[in-house]
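Subject: Structure for your review

Dear colleague,

Please find the structure below, followed by an account of what was found in it.

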Amino acid sequence: MDEKRIDQERIEQEDRLRKSFSHKGFSRRTFMGLSTVFGSSLLLTTMAGCNQKSETSTADTQEANKEAPKDRTYVDDADRSVTIPATVERVYCAIPTAQAAVVALTPEKLVGWVNEVSDAAKKYLPESTHDLPVLGGWMGQVQTANIEAIINAKPDLILYCYGTSTVNEDTSTYVNAADTIQNDTGIPVYVFKGNLNLIPEKYRTLGEILGVSDRGEQLAAYAEQKLKAVGDAVAKVPGDKVVTCYYAEGKGGLATDPSGSMHTEVIDYCNVKNVAVVDGFMGAKGQGMIEVSMESVIKWNPQMILVSGTKPDNYELIKTSPSWQDIDAVKNGAVYQTPIIPFGWFDRPPNMTRIMGIQWFANLVYPDYYTANVRTDMKEYFKLFYNATITDDDVDTILAPNPKLA
């Protein structure tokens with residue numbers, strides 16, 4: 001409040017009153033009494049105005065402070081302290097594993113793909129993702145990232161997803177990669193663990209970070225329900241009924257990942273015995289696969305062969321090649337291919353779509369124990385996660401070459 005201004009206004013007011021009262025014949029004594037009253041009134045009015053302005057200014061400041069969210073600091077799954085902007089509107093995934101999570105949570109925030117996405121996959125993905133640029137990424141020992149293009153895409157946050165393996169728990173590779181990406185781009189990198197059993201937890205965390213907590217909770221609740229339903233069902237399978245399986249990858253199907261690898265978590269979770277026993281398995285610290293001999297596969301003699309959908313030519317080769325014909329799985333027609341639309345249900349990469357993968361695989365292997373209608377469940381899953389309405393023909397296409405098995 002300005003006291004000089006108040007005094008000046010009081011003097012001017014008194015002068016106006018004096019002239020007015022003199023003109024009307026009031027005495028000086030009467031004028032002085034009224035002047036005192038009006039002066040006090042002016043002072044109180046002015047002070048009230050100042051107080052009101054002060055209170056309004058304080059309220060405005062408090063409201064402004066309230067509306068200005070602050071950056072957040074998280075300790076990610078690699079034990080790195082990461083400061084993340086208060087509002088994340090643009091997201092890039094440094095590795096394909098993370099993309100399925102972002103597309104399901106908030107597709108409009110994704111700024112680009114790591115690899116080219118097929119038209120077959122785009123059919124079932126939100127339209128906002130169809131024309132995104134391919135920016136490359138960091139996949140194990142292979143780096144295709146266009147750092148300049150990633151920076152120009154202006155993501156607020158980069159997500160890096162990894163999964164640990166009981167074969168090799170060394171996570172230093174992922175920590176170093178995340179630090180390198182953050183240093184090279186100047187953009188915060190949040191690392192999260194993508195193991196199958198952690199999917200509900202990660203949907204919740206990522207939902208909070210990306211500003212879509214309700215959506216994260218919705219997807220987490222679904223994942224929890226399906227993990228429990230499948231887990232409870234396959235746990236009832238007697239030991240002598242457990243199916244043995246070989247996972248055929250690589251050239252000619254003669255590469256695989258053993259039990260304990262992050263790439264075979266679906267097999268392990270569904271209480272299926274992975275026949276691959278590989279001494280001294282290295283597999284690029286749980287990320288890669290290792291070559292095996294035809295003699296080893298024949299010796300293991302699995303009841304089922306699961307062919308990676310990323311190598312579809314192996315499906316017909318294994319079914320028709322003379323080298324494979326003495327194996328029980330081939331003789332009994334138990335050769336199946338993993339679905340990969342819109343993302344891998346099994347691995348390559350082992351992403352969050354595996355929540356659908358365990359439903360498909362459990363019903364395929366143990367239909368007497370996991371009795372859900374997987375075709376119906378697929379329609380529910382695609383609608384919930386990708387807002388895609390799929391038909392029976394779509395189901396057949398997605399499950400090809402084994403569409404009738406669900």
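Helices (H or I, at least four residues) and strands (E, at least two) are DSSP runs, numbered from the N terminus. In these terms, Asn271 is found in the loop between α9 (265-269) and β10 (273-274). This is a predicted model, in which local features need pLDDT of at least 70 and side-chain atom pairs count only at pLDDT 80 or more, while totals for chains, interfaces and linings use all residues. Residues are numbered from 1 along each chain as its sequence is written, and side-chain values use heavy atoms, with hydrogens and water left out.

Overall composition

The protein has 16 helices and 13 strands. Of its 406 residues, 49% count as buried (under 20% relative accessible area; exposed is over 50% and partly exposed lies in between, with a 1.4 Å probe and protein chains only). Among contacts (heavy atoms within 4.5 Å) with a separation of 6 or more, 66% are made by residues 24 or more positions apart.

The three-stranded sheet

An open sheet of 3 strands has the order β3-β6-β7, with parallel pairing; two strands pair if DSSP finds at least two bridges between them. Because β3 (91-93) and β7 (189-193) each have a single partner strand, they stand at the edges, and one side of each is left without a neighbour in the sheet. Neighbouring strands of this sheet are turned by 30° against each other on average, direction ignored. Axes here are lines fitted to C-alpha atoms, for helices over the stretch in contact, and angles run from 0 to 180 degrees between N-to-C directions.

Strand β6 (residues 157-162) is joined to β7 by 5 bridges, and Leu159 has Tyr190 as its bridge partner in β7. Helix α6 (residues 172-185) packs on the sheet, touching β6 and β7, and its direction makes about 165° with that of β6. Helix α7 (residues 199-209) lies across β6 and β7, running at about 165° to β7.

The hairpin

β1 (residues 72-75) and β2 (residues 81-84) run antiparallel and are joined by 4 bridges. They form a hairpin with 5 residues between them, and Asp79 in the turn has a positive phi of about 60°. Val75 stands opposite Ser81 in β2.

Leu384 is found in helix α15 (residues 374-386). This residue counts as buried because its relative accessibility is 18%. Leaving aside neighbours within four places in sequence, Leu384 is in contact with Arg215, Gln218, Leu219 and Tyr222. The C-alpha atoms of Leu384 and Gln218 are separated by 9.0 Å, although the two residues are 166 apart along the chain.

Backbone exceptions

Most residues other than glycine have a negative phi, and most peptide bonds are trans. Asn271 has a positive phi of about 60° and, at 26% relative accessibility, counts as partly exposed. Asn301, in the loop between α11 (294-300) and β12 (304-307), has phi near 45°. The peptide bond from Ile341 to Pro342 is cis, with omega near -5°; Pro342 is found in the loop between β13 (335-337) and α14 (354-365). A cis peptide bond also joins Ala400 and Pro401, with omega about 10°, and Pro401 is in the segment after α16 (392-399).

Yours sincerely
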